[in-house]
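I opened my notebook to keep track of what I looked up. Here is the model I worked from.

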Amino acid sequence: MQPEVGAILEGKVSGVTKFGAFVNLPDGKSGLVHISEIANTYVSDISQYVSVGQTVKVKVIGINGDKINLSIKRTEESVPEQRRRPERAHQPRPEAKPAQPAGQVAEPTGDQAFEDKLKQFMKESDSRIAGNPMYADRGRSRRRK
């Protein structure tokens with residue numbers, strides 16, 4: 001009898017490879033638990049999670065002809081909770097400042113000091129580039145004939 005998709009079964013691990021683990025199911029068939037379906041964390045070595053002869057609970061996630069795709073991590077009931085986005089702490093939004101009327105200059109803020117520093121940095125950077133011989137030949141071709 002073919003297992004149904006969504007069924008949770010117990011089986012014994014019959015083989016471990018670098019891409020997954022083969023599990024013998026109760027009805028005499030076997031299926032594959034892909035490495036991505038072993039655990040909810042990154043799995044680099046499957047043998048750290050399962051071993052040959054170990055009894056595991058698996059969920060049938062797909063059937064394609066004779067191939068049965070299984071999952072160990074989907075048998076855990078907490079999986080849907082882990083897939084949800086973590087809730088963010090509620091932080092009030094900063095109040096919007098009213099727009100400046102045309103022709104009036106805004107009073108300097110912390111951002112203004114940043115812009116002054118940025119302008120100074122750009123001037124210094126441009127003067128350094130102008131003095132660098134690598135950038136002096138910008139208009140000329142770099143190929144020699």
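**Ground rules.** I am working with a predicted model, where local features need pLDDT of at least 70, side-chain atom pairs count only at pLDDT 80 or more, and totals for chains, interfaces and linings use all residues. I number residues from 1 along each chain as its sequence is written, and my side-chain values use heavy atoms, with hydrogens and water left out.

Entry 1: I looked up how the strands are arranged. Helices (H or I, at least four residues) and strands (E, at least two) are DSSP runs, numbered from the N terminus. Five strands close into a barrel, and I wrote down the order as E1-E2-E3-E5-E4, with mixed pairing. From one strand to the next, the twist averages 55°. For that angle, axes are lines fitted to C-alpha atoms, for helices over the stretch in contact, and angles run from 0 to 180 degrees between N-to-C directions.

**Entry 2: the pairs.** Two strands pair if DSSP finds at least two bridges between them. I checked E1 (residues 8–16) against E4 (residues 55–64): they run antiparallel, joined by five bridges. Lysine 12 has threonine 55 in E4 as its bridge partner. E2 and E3 are also antiparallel, with five bridges. There, phenylalanine 22 is bridged to leucine 32 in E3. E4 and E5 run antiparallel with five bridges. Isoleucine 63 has its partner, isoleucine 68, in E5. The hairpin of E4 and E5 has two residues between the strands, and glycine 65 takes a positive phi near 70° in this hairpin.

**Entry 3: threonine 75.** Is threonine 75 buried or exposed? Its relative accessible area is 17%, so I noted it as buried. Buried means under 20% relative accessible area, exposed over 50%, partly exposed in between (1.4 Å probe, protein chains only). Threonine 75 sits in the loop between strand E5 (67–71) and helix H1 (79–83). Not counting residues up to four places away in sequence, threonine 75 touches Ile8, Lys57, Val58 and Lys59; contact means heavy atoms within 4.5 Å. Its side chain also reaches the backbone oxygen of isoleucine 72, at 2.6 Å.

**Entry 4: aspartate 27.** I found aspartate 27 in the loop between strand E2 (20–24) and strand E3 (30–34). Aspartate 27 is partly exposed, because its relative accessible area is 35%. A polar atom of its side chain lies 3.1 Å from the backbone nitrogen of lysine 29. Which distance separates aspartate 27 from proline 3 in space? C-alpha to C-alpha, they are 8.2 Å apart, and 24 residues apart in sequence.

Definitions and conventions: A polar contact is a pair of N or O atoms within 3.5 Å; within protein, one must be able to donate a hydrogen and the other to accept it, and residues adjacent in sequence count only if both atoms are side-chain atoms.
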